[in-house]
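Hi everyone, thanks for making time. Have a look at it first, and then we'll go through it piece by piece.

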Amino acid sequence: MNEILEIKERTLKLTHLPDGTYIGIWGGNIIELTYNNMSYELTTNEGVRGIGFKVVVTVKDGVATYEEIKNK
């Protein structure tokens, strides 16, 4: 059997990102990105099959959108 080294509680809460552009990784209907050493999960209205698709997330006036970067 494999040993579990530690168990951490994960607390998720709704939050906002400041206006700007961010690079994220899209899989399913979740985009994961890091900002100021914090990890964020963004839920999209459409899903994609697979994981590891690079996207650019743009936040302007509190509204977030995303666009897929050419993935090979």
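So, let's begin with the core. The largest nonpolar core here has 10 residues: Leu17, Tyr22, Trp26, Ile31, Leu33, Tyr40, Leu42, Val55, Val57 and Val59. Before I go on, keep in mind that this is a predicted model.

What does Leu33 touch, if we skip residues up to four places away in sequence? The list is Leu17, Tyr22, Ile23, Gly24, Met38, Ser39, Tyr40, Leu42 and Val57.

Okay, now the sheet. It's an open sheet of three strands, in the order E1-E2-E3, and the pairing is antiparallel. Which strands sit at the edges? Those are E1, residues 20-35, and E3, and each of them pairs on one side only. From one strand to the next, the twist averages 35°.

Let's zoom in on E2 and E3. E2 runs over residues 38-60 and E3 over residues 63-68, and the two pair in the antiparallel sense over six bridges. If you want to find the pairing on screen, here are two spots. Val59 has Ala64 in E3 as its bridge partner, and Val55 stands opposite Glu68, also in E3. You've met both valines already, as Val55 and Val59 are on the list for the largest nonpolar core.

E2 and E3 form a hairpin, with two residues between the strands. In that hairpin, Asp61 takes a positive phi near 55°.

Where else do we find a positive phi? Go to the loop between E1 and E2, where Asn36 sits. Asn36 isn't a glycine, and still has a positive phi of about 55°. Asn37 is in the loop between E1 and E2 as well, and its phi is near 60°, again positive in a residue other than glycine. Are these two buried or exposed? Asn36 has 59% relative accessibility, so it counts as exposed. Asn37 counts as exposed too, because its relative accessibility is 78%. The cut-off you need there is over 50%.

Rolling a probe the size of a water molecule over the atoms shows where empty space is left. In our model, the largest pocket holds about 860 Å³ of space. It is lined by 27 residues, and the closest to its centre are Lys13, Thr15, Tyr40, Glu41 and Leu42. Who supplies the lining? E1, E2 and E3 each give at least two residues, and the largest share, 10 residues, comes from E2.

Thr15 is found in the segment before E1. Its relative accessible area is 44%, so Thr15 is partly exposed. And how far is Thr15 from Thr65? In sequence they are 50 residues apart, and in space they are 15 Å apart, C-alpha to C-alpha.

That's my tour. Happy to take questions!

Terms used: Residues are numbered from 1 along each chain as its sequence is written. This is a predicted model: local features need pLDDT of at least 70, side-chain atom pairs count only at pLDDT 80 or more; totals for chains, interfaces and linings use all residues. Side-chain values use heavy atoms; hydrogens and water are left out. Two strands pair if DSSP finds at least two bridges between them. Helices (H or I, at least four residues) and strands (E, at least two) are DSSP runs, numbered from the N terminus. Axes are lines fitted to C-alpha atoms, for helices over the stretch in contact, and angles run from 0 to 180 degrees between N-to-C directions. Buried means under 20% relative accessible area, exposed over 50%, partly exposed in between (1.4 Å probe, protein chains only). A nonpolar core is a set of buried Ala, Val, Leu, Ile, Met, Phe, Trp, Tyr and Cys residues joined through side-chain atoms within 4.5 Å. Contact means heavy atoms within 4.5 Å. On a 1 Å grid over the protein atoms alone, a cavity is a set of points where a 1.4 Å probe fits but cannot get out, and a pocket is an open set with protein on both sides within 12 Å along at least five of seven lines; lining residues have an atom within 4 Å of a point. Grid points are joined across faces, edges and corners, and a volume is the space filled by probe spheres set on the points.
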